[in-house]
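Subject: Structure handover and findings

Hello,

Here is the structure we talked about. Please open it alongside this email. My notes follow below.

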Amino acid sequence: MWFIALLSTVGVPVVIYLLFAVPALYYLRARYLDDTARAMWALLIIAVPIMGAVAFATLQPGVRRS
């Protein structure tokens, strides 16, 4: 019983965070940005769990590499 409670309180938010953060960080690699901007976006995506990834997806900074 305690395992289900632990999984629902810790596991589900971690999975949701990974579903947002990993693709955002992957797409960040595919953008032409200077190093400072890339580092700031990476910190935002990692530090502010879901809002950082949503902000990156919404604003789409830089130019996409072909």
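First, how the helix geometry is defined: axes are lines fitted to C-alpha atoms, for helices over the stretch in contact, and angles run from 0 to 180 degrees between N-to-C directions. Helices (H or I, at least four residues) and strands (E, at least two) are DSSP runs, numbered from the N terminus. This is a predicted model, in which local features need pLDDT of at least 70 and side-chain atom pairs count only at pLDDT 80 or more, while totals for chains, interfaces and linings use all residues. Residues are numbered from 1 along each chain as its sequence is written, and side-chain values use heavy atoms, with hydrogens and water left out.

**Helix packing**

Helix α1 covers residues 2-29 and packs on α2 at an angle of about 175 degrees. Their axes are 10 Å apart. α1 and α2 are therefore roughly antiparallel. The cut-offs: under 35 degrees is roughly parallel, over 145 roughly antiparallel, 65 to 115 roughly perpendicular, and the rest oblique.

Which residues meet here? On the α1 side they are Y17, A21, A24, L25, L28 and R29. On the α2 side they are R38, W41, A42, I45 and I46. Contact means heavy atoms within 4.5 Å. By class, the α1 and α2 contact has nine nonpolar residues, no polar and two charged. Ala, Val, Leu, Ile, Met, Phe, Trp, Tyr, Cys and Pro count as nonpolar; Asp, Glu, Lys and Arg as charged; the others, Gly among them, as polar.

Now the second pair. Helix α2 (residues 35-47) packs with helix α3 (residues 49-59) at about 135 degrees, and the axes lie 5 Å apart. α2 and α3 are therefore oblique to each other. From α2, the contact uses W41, L44, I45, I46 and A47. From α3, it uses P49, G52, A53, A55, F56 and L59. The α2 and α3 contact residues split into 10 nonpolar, one polar and no charged.

**The core**

The largest nonpolar core has eight residues: A21, A24, L28, L33, W41, I45, A53 and F56. A nonpolar core is a set of buried Ala, Val, Leu, Ile, Met, Phe, Trp, Tyr and Cys residues joined through side-chain atoms within 4.5 Å. Buried means under 20% relative accessible area, exposed over 50%, and partly exposed in between (1.4 Å probe, protein chains only). α1, α2 and α3 each supply at least two residues of this core. α1 gives the most, with three.

Take L28. Setting aside residues up to four places away in sequence, L28 touches L33, R38, W41, A42 and F56.

**Aromatic pairs**

There are two aromatic pairs. Rings of Phe, Tyr and Trp (its six-membered ring) pair if their centres lie within 6.5 Å; planes under 30 degrees apart count as stacked, over 60 as edge-to-face and the rest as tilted.

Y26 and Y27 have ring centres 5.6 Å apart and planes at 65 degrees, so this pair is edge-to-face. Y26 is exposed, at 54% relative accessible area.

W41 and F56 have ring centres 5.4 Å apart and planes at 70 degrees, so this pair is edge-to-face.

**Outside the helices**

Y32 lies in strand β1 (residues 31-32). Y32 is exposed, with a relative accessible area of 53%. Leaving aside neighbours within four places in sequence, Y32 contacts R38, G62, V63 and R65.

R65 sits in the segment after β2 (63-64). R65 is partly exposed, at 37%. Not counting residues up to four places away, R65 touches R29, A30, R31, Y32 and R38.

Q60 lies in the loop between α3 and β2. Its phi is near 45 degrees, a positive value in a residue other than glycine. Q60 is partly exposed, at 45% relative accessibility.

V48 is in the loop between α2 and α3. V48 is partly exposed, at 34%. Beyond residues up to four places away in sequence, V48 touches L43 and A53. The C-alpha atoms of V48 and A21 are 9.6 Å apart, with the two residues 27 apart along the chain.

Best wishes
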